[in-house]
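Hi there,

Here is the structure I promised to pass on.

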Amino acid sequence: MMSSGAPPLPTLLVIPTGVGCVVGGYAGDGLPAARLLAAASGCLITHPNAMNAASLYWSDPRIQYVEGWALDRFAAGDLALQPVAGRRVGLLLDAGIEQQLLQRHLQAAEACRASLGLAIGPVLCSEAPLGVGLSLGPSGVSWGTLEHPDLLLRAGERLVAAGATAIAVVCRFPDDPDSEALASYRQGSGVDALAGAEAVISHLLVEHLGIPCAHAPALAPLPLDPALDPRAAAEELGHTFLPCVLVGLSRAPDLIPLAGGRPSRFPGRPAVQPAAFAPATTLRADSLGAVVAPAGALGGEAVLACAERGVPLIAVTGNPCLLQVDGQALGLPVLEAASYAEAAGLVLALREGLDPACLARPLPPLLTRLS
Amino acid sequence: MRLQAETLWLQPGPGPLLPQLRAELGQLCQRRGGAGARPLRWALTAAEQGRGVRIEVVLVLEAPPAVTASQVSPDTAQAHAAETLPQE
């Protein structure tokens, strides 16, 4: 149904992290939507929150896995994306992780080498515990911070110097197994309290190093919850959340600073003139044909940058979240979709050159009266 | 280097919103940390008829001393509230 003879329509899928989205706000439960949109568009650019399902993952050459800070910069026209066949993923482990839990993470990485053939390494620990802190913003969305960001960046620099071209980072997160927030999340009605801090960690690394990075939290195992929501189940399968990150990063695209965009801080990476790229292989913001986001969460940089450039914005009303920052509130024109299935239909229509308005009824006449 | 969470409201003027948000965040960084300060992660988390849009942001600050919200007067007419989020 979704195969198309038309050229791919590069499409951006944004499911913001830590805002309680009913689709994609849990353990990689945005992945089916991402797969469908990849099939409809032929080329989907999305971020780890939409793809990461702890021990579960899906690798699709039509999907570009781009960390959130880089995704914003890409959408704003500051970066281009160059797909790659594969890359070496360095593993950065927080010194705050206990020995046994550390060993579990190393074994997860070994499994990805032995069973999937991924190029992983080198591995190193931060010089001291990084000190993850969790909090909620005034809106109730999850935020977080890091006590020692400098140690994180220094460890990242050492990994790059040792040959890593992407970094999977694992930080020790605070355990709070008896909290109401965690119980709500596991039962499918809360916000992912870890997500905000995870985003901060990966944003710091990508901004500083200019290579793909993504984060998996290290946590003690939780007691069995018989009322576990299916959307949270992927995080209960194993001892780590690391495999999906390693798989995602193993084919994440290169991040290329563009001349004329906001300057990057990437070390030793001069900006490239946009005209220097072969359009068939390099993805740039001006090649985007659609952006898909939850209808109430349109206030992020990537979505605003696309919408203000006139990229069709598909707002999924069937993915409510804590926020109500919608097209009407921001004065943005949107194509509403009740579900990701409908959004995929709209993407396919755009890819085929169909005007989505022609698919709705009633179909108003071009002229209501002749003047 | 340190991280600081902030929230502020902006009453947008006419025209595209994103350049106004970037300018407002740039001014916030100047007030909080000066050179090297920058927004690491931000999003609009509310939009209200009378107050405009609420921005929640995590800043990267190079300078160690923190400036509290009460010491800062928003230096644009559009920014009519700024407060520091609860510390983690």
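To start with a helix on a sheet: α11(A) lies across β1, β12, β13 (313–316) and β14 of chain A, at about 165° to β13(A). Such angles run from 0 to 180 degrees between N-to-C directions, with axes fitted as lines to C-alpha atoms, for helices over the stretch in contact. Helices (H or I, at least four residues) and strands (E, at least two) are DSSP runs numbered from the N terminus.

Before going on, a word on conventions. This is a predicted model, in which local features need pLDDT of at least 70 and side-chain atom pairs count only at pLDDT 80 or more, while totals for chains, interfaces and linings use all residues. Residues are numbered from 1 along each chain as its sequence is written, and chains are lettered from A and ligands numbered from 1 in the order in which they are written.

The sheet in question is open, with 6 strands in the order β3-β2-β1-β12-β13-β14 (chain A) and parallel pairing; two strands pair if DSSP finds at least two bridges between them. Its edge strands are β3 (63–65) and β14 (335–337) of chain A, and the twist averages 25° from one strand to the next. Between β2 (residues 44–46) of chain A and β3(A) there are 3 bridges, and A:T46 stands opposite A:Y65. Helix α1 (residues 31–41) of chain A also lies across part of this sheet, namely β1 (11–13), β2, β3 and β12 (290–294), at about 145° to β2(A).

Now the interior. In helix α8 (residues 242–250) of chain A, 9 of 9 residues are buried, that is, with 20 or more other C-beta atoms within 10 Å of their own, where 12 or fewer is exposed and in between is partly exposed, C-beta atoms being placed from the backbone. By contrast, A:L366 is exposed, because 5 other C-beta atoms lie within 10 Å.

Finally, the two chains: 20 residues of chain B are in contact (C-beta atoms, placed from the backbone, within 7 Å) with 28 residues of chain A. On the chain B side, β2(B) gives the largest share, 7 residues.

Best wishes
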